[in-house]
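Please examine the model shown below. The report that follows treats a pocket and then the aromatic rings.

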Amino acid sequence: MRPTIAPPSVALARAVALGVALLALLGLAACGEDASPGEACTDGGQPLTMGFYAFFAPVSYSADEDPASAGFNTHLGYEADLVTALEAMDDTGLSFVRRGIAAWDDIWLHSAGPDYDLIGGGITILDSRTRDAAGQPAVVFTSGHIAFRQSLLVRAADAERLAGFDDLRRDVRVGALAGTTGEARLLELTGLADAHGALVAGTRVETPRGTIVADGSAAYTITAAGASLNLDGRQRLDPPSASLPQVIYLGDDAGETELLEALRDGRIDAIARGEVGNRNTARDASGAFVVTALDAQVEHGGFTLAVEDAALATCLDERIAWLTDDRRIGYAEWLNDAEIFMRRAEMWNARA
C-alpha cells in the first residue's frame, strides 16, 4: 500500500505547528542554558563504569533479576533512560558501561572504590551517606534528579484506620527494609527515634543474638546510612509505649516481594516505603492495597561519585539540569512519556 502524501498546505501547517512546539519546549529550558555543547565532561577516552541498584522498579532495575545472567547488567527504568540521554548529548564525552548491583547496603559508597565511577539506583541524597565507616568524606552526590516522599502501603480495608503515621499504635505491625529512608523516616515520624536516629529509651530490639533494650543514647541508632553494630540483623522493634507501632523486619535476605506477601497474608499491617514504589504496587494490586500517610517532607535522589571527582559531578549536574529542565521534568513526566529525556537530548544537540 502506497503512503498517503498530505497536500502542501497541510504539510506546511504541520511544519509550523512542529516549529511552534519546539520553540515552546526551548522556552522551558531555564537551567542548562549555562551549559554549552562543546564543554565535555570527560576526554571520551574510555566509558565510565556505572553501578546501579538492580531491584528498584520502575526507577532503576535489571532486565533479569538473576545476578548470574547477562541481562542483570541491562539497566532499565527512569534512571536508565536519563543516563542513556546523557550519552546521546553531543560533545559531552559521556558513555557508560553499566553493571547491576544486588545488595543495597552502602551501595552509595561503591563509587569511592576502584570498580565504579558512578553509582545510581534511586538513592536519596543524605549527608550521612557521603561518609565512610570512619566518618570521612568519601563520595559526593549530583543534584537531585528525582523527588521522593515516604508513605505507607496498607490493605484497602485498613485505609481509614491507618490514614497517617499518627494512627500507628502498638497493635500495628509495620514492615520495613533495614537501611532505607523508608525505615529511618518511619522511626522519626512515629517518635520511635529522634532526628538523629537514636531509638527512644525502652525500645526492645530483637536480634539473632537476643533482645536488647535501647537506653535513648546514640549507642542504639538507626539512620538511612547505617545503624549501630549491636542492631545488625534486627528482626523486630517493640516500642516502650502503646502509642508507638511495632516494626517488623523479615530477615537480611528479604526484600520488597517478601514484604508484600506478608502484607497480603496479614503478618504485617503496613509497609513503610517510598511513594513511587507504593503507588506502583497499589496500581498493580487491583484495589487490594492503597497508599496512605504521605510524608510532608520531599527527598531527592541523585548519583554518587568519588570526592575527587567533584568536577565531573558538577559537569553531570549541568547536563542533568538540561535534561530535567531544572527539575520541571521528573518521574511523573517520564512515566507519561518515556522518550522525554531523549527529546531533550536532541534539543541539546540542535543547539550545537
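## The second largest pocket

In this predicted model, 19 residues line the second largest pocket, and those nearest its centre are Leu126, Ala184, Glu188, Ala195 and Ala224. The space within the second largest pocket amounts to about 290 Å³.

Two elements, helix H3 (181–190) and strand E13 (222–223), each contribute at least two residues to the lining of the second largest pocket. Helix H3 provides the largest share of that lining, with five residues. Sorted by class, the lining consists of eight nonpolar, seven polar and four charged residues.

## Aromatic pairs: Tyr53 and Trp104

The structure contains 10 aromatic pairs. One of them joins Tyr53 and Trp104, whose ring centres are 5.0 Å apart and whose planes are at 70°, an edge-to-face arrangement. Tyr53 belongs to strand E1 (residues 48–53), while Trp104 is in the loop between strand E5 (96–101) and strand E6 (118–124); the pair therefore ties together parts that are 51 residues apart in sequence.

Are these two residues buried or exposed? Tyr53 has a relative accessibility of 16%, so it counts as buried. Trp104 also counts as buried, because its relative accessibility is 15%. The cut-off for this class is under 20% relative accessible area.

## Aromatic pairs: Trp322 and Trp348

A further pair is formed by Trp322 and Trp348: the ring centres lie 5.9 Å apart with the planes at 70°, so this pair is edge-to-face. Trp322 is part of helix H6 (residues 310–323) and Trp348 is part of helix H8 (residues 340–351), so that the pair links distant parts of the chain, 26 residues apart.

Trp322 counts as buried because its relative accessibility is 0%. Trp348, with a relative accessible area of 0%, is likewise buried.

## A cluster and two charges over rings

Tyr53 and Trp104 are also members of an aromatic cluster, together with Phe55, Phe72 and Trp108. Which residue lies over the face of Trp108? Arg129 does, at 4.1 Å from the ring centre.

Trp348 has a charge over its ring as well: the charged end of Arg351 sits there, 5.7 Å from the ring centre.

Note on methods:
Residues are numbered from 1 along each chain as its sequence is written. This is a predicted model: local features need pLDDT of at least 70, side-chain atom pairs count only at pLDDT 80 or more; totals for chains, interfaces and linings use all residues. Side-chain values use heavy atoms; hydrogens and water are left out. Rings of Phe, Tyr and Trp (its six-membered ring) pair if their centres lie within 6.5 Å; planes under 30 degrees apart count as stacked, over 60 as edge-to-face and the rest as tilted. Helices (H or I, at least four residues) and strands (E, at least two) are DSSP runs, numbered from the N terminus. Buried means under 20% relative accessible area, exposed over 50%, partly exposed in between (1.4 Å probe, protein chains only). A charge sits over a ring if NZ of Lys or CZ of Arg is within 6 Å of the ring centre and within 35 degrees of the ring normal. On a 1 Å grid over the protein atoms alone, a cavity is a set of points where a 1.4 Å probe fits but cannot get out, and a pocket is an open set with protein on both sides within 12 Å along at least five of seven lines; lining residues have an atom within 4 Å of a point. Grid points are joined across faces, edges and corners, and a volume is the space filled by probe spheres set on the points. Ala, Val, Leu, Ile, Met, Phe, Trp, Tyr, Cys and Pro count as nonpolar, Asp, Glu, Lys and Arg as charged, and the others, Gly among them, as polar.
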